Amino acid sequence: MTAATRSLRRWGFVHKWTSLICTLFMLLLCITGLPLIFHEEIDDLLHSQVKPAEVAADAPLADLDHLLANAIANAPGQVPHFLIWDRDDPNAMFVSVGPSITSDPSKNLLIRMDAHTGAYLDAPDVTGRFTYIMLKLHTDMFAGLPGKLFLGLMGILFCVAVISGIVVYAPSMRKLSFGTYRAGRTRVVRWLDVHNLAGILLVAWTLVVGFTGVINTWADLVLKMWQYGQLAEMTAQYRDRSVPAKLTSVNAAVEVAAHAVPGMTPSFVAFPGSIFSSKSHYAVFLRGNTPLTSRLLKPALVDAETGALTDSRDMPWYVSTLFISQPLHFGDYGGMPLKILWALLDVLTIVILVTGVYLWVRRRRAGVSVDRVIARSSGIESPALSS
Amino acid sequence: MTPRKSMHRTLSQIFVAPLLVAIVSTLGLVGALVGDGWWDALSWATLAVPVVLYSLFIWWRKPN
């Protein structure tokens, strides 16, 4: 056996086992991911929501303190964690509330508000929705952070499987031209051709979507790193203070922040004591206005006791990496045609997974190596496989 | 497409088409991030390449 053959065998081994271990979970991710590409459209179709008032395009926005008071009046006993501008609908805003400022924000209630009149719209419980169940299955399989990190590990195996797949593609195509599909041959040969063709065509997309998915599983850890890193640095002199008894105007805080960071648009405000801020600050997160910069947030910290700006910095590289990896995973940054392409590529990934499992099962059952089919792919088939 | 049995393709022959497809789809992945309008159109056109090639090779090619 030559060194090259030994090396190829090793790659084949890596491809087989990384694929086999992650396939079941990758199937789950691809199937649940498919409706998630269209989650807004599905929600619009399945659930009605109160529409914001019709206003002129240049109508003034509601005073945020007024809007906030209206939201809290509709959620007795709750405290605000975040005030969020709706990316998709400039006429609506969200107030995210929880039973206390230290409660788990992933269990928060999201109250929709009219951005112009400041009136309460609705606060639907999304936890029973189809898209919510798909999202939970897709992100952590209802198993919290361990589930998330486990899926991240499966994602890493998937990326290794794609890369080793590129290596084993070469010997398989020694005697075949690109795109060969031997339609007249047995299923194992046809599906090998499908697996090879779809796999090699989708290399860039599967690697990007796979790896950005892995990065997304680290979001909670990235947030913790930012809290103990940059956020702690920016608010070092406030460390020992507690949440102020009376907060200054949130509307004024947003104005101070927008003035401090010209050219950017507010994206959301984290209230003092919530996970995205210190105990003494409104953290106003601003975003840019291109598809890329709209994903990159910049926090401006406003003292919630004095209303003055404390600090504003660009976020560190590890947070920016997370932000940029989100659209690249979701496919929501290029309109409906991009979403449709994302769905088609997702379906082709399912094809790769299913044909891959089939080739492995076939090899075991027939006792004949697919490697051999590959090796003599343009020659005569093994009698065991021509049935 | 019946390649002759004796013909062995070199690595560069095997990988030239996949490499082009990978470069083109990467352009598409990045394109829509850069801007809207024409950038979006560029990314639709380039990311459609793998899907179109797959369909052509599997469904619209005459079986040998």
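The crossing of helix α8(A) and helix α10(A) is left-handed, a word used when the near helix is turned anticlockwise from the far one by less than a right angle. This is a predicted model, in which local features need pLDDT of at least 70 and side-chain atom pairs count only at pLDDT 80 or more, while totals for chains, interfaces and linings use all residues. Residues are numbered from 1 along each chain as its sequence is written, and chains are lettered from A in the order in which they are written.

**The helix pair**
- The axes of α8 (residues 219-234) and α10 (residues 317-330) of chain A come within 9 Å and cross at roughly 150°, which makes α8(A) roughly antiparallel to α10(A), a label for angles over 145 degrees.
- On the α8(A) side, A219(A), V222(A), M225(A) and W226(A) meet Y318(A), V319(A) and L322(A) of α10(A), where contact requires C-beta atoms, placed from the backbone, within 7 Å.
- By class, this contact of α8(A) with α10(A) has seven nonpolar, no polar and no charged residues.

**Chain A as a whole**
- Chain A has twelve helices and eight strands, taken as DSSP runs of H or I with at least four residues for helices, and of E with at least two for strands.
- Of the 387 residues in chain A, 36% are buried, a residue being buried if 20 or more other C-beta atoms lie within 10 Å of its own.

**Where chain B touches chain A**
- The contact takes 34 residues from chain B and 38 residues from chain A.
- The largest share of the chain B side, twelve residues, comes from α1(B).

Key: Axes are lines fitted to C-alpha atoms, for helices over the stretch in contact, and angles run from 0 to 180 degrees between N-to-C directions. Angles under 35 degrees count as roughly parallel, over 145 as roughly antiparallel, 65 to 115 as roughly perpendicular and the rest as oblique. Two residues are in contact if their C-beta atoms, placed from the backbone, lie within 7 Å. Ala, Val, Leu, Ile, Met, Phe, Trp, Tyr, Cys and Pro count as nonpolar, Asp, Glu, Lys and Arg as charged, and the others, Gly among them, as polar. A residue is buried if 20 or more other C-beta atoms lie within 10 Å of its own, exposed if 12 or fewer, and partly exposed in between; C-beta atoms are placed from the backbone.
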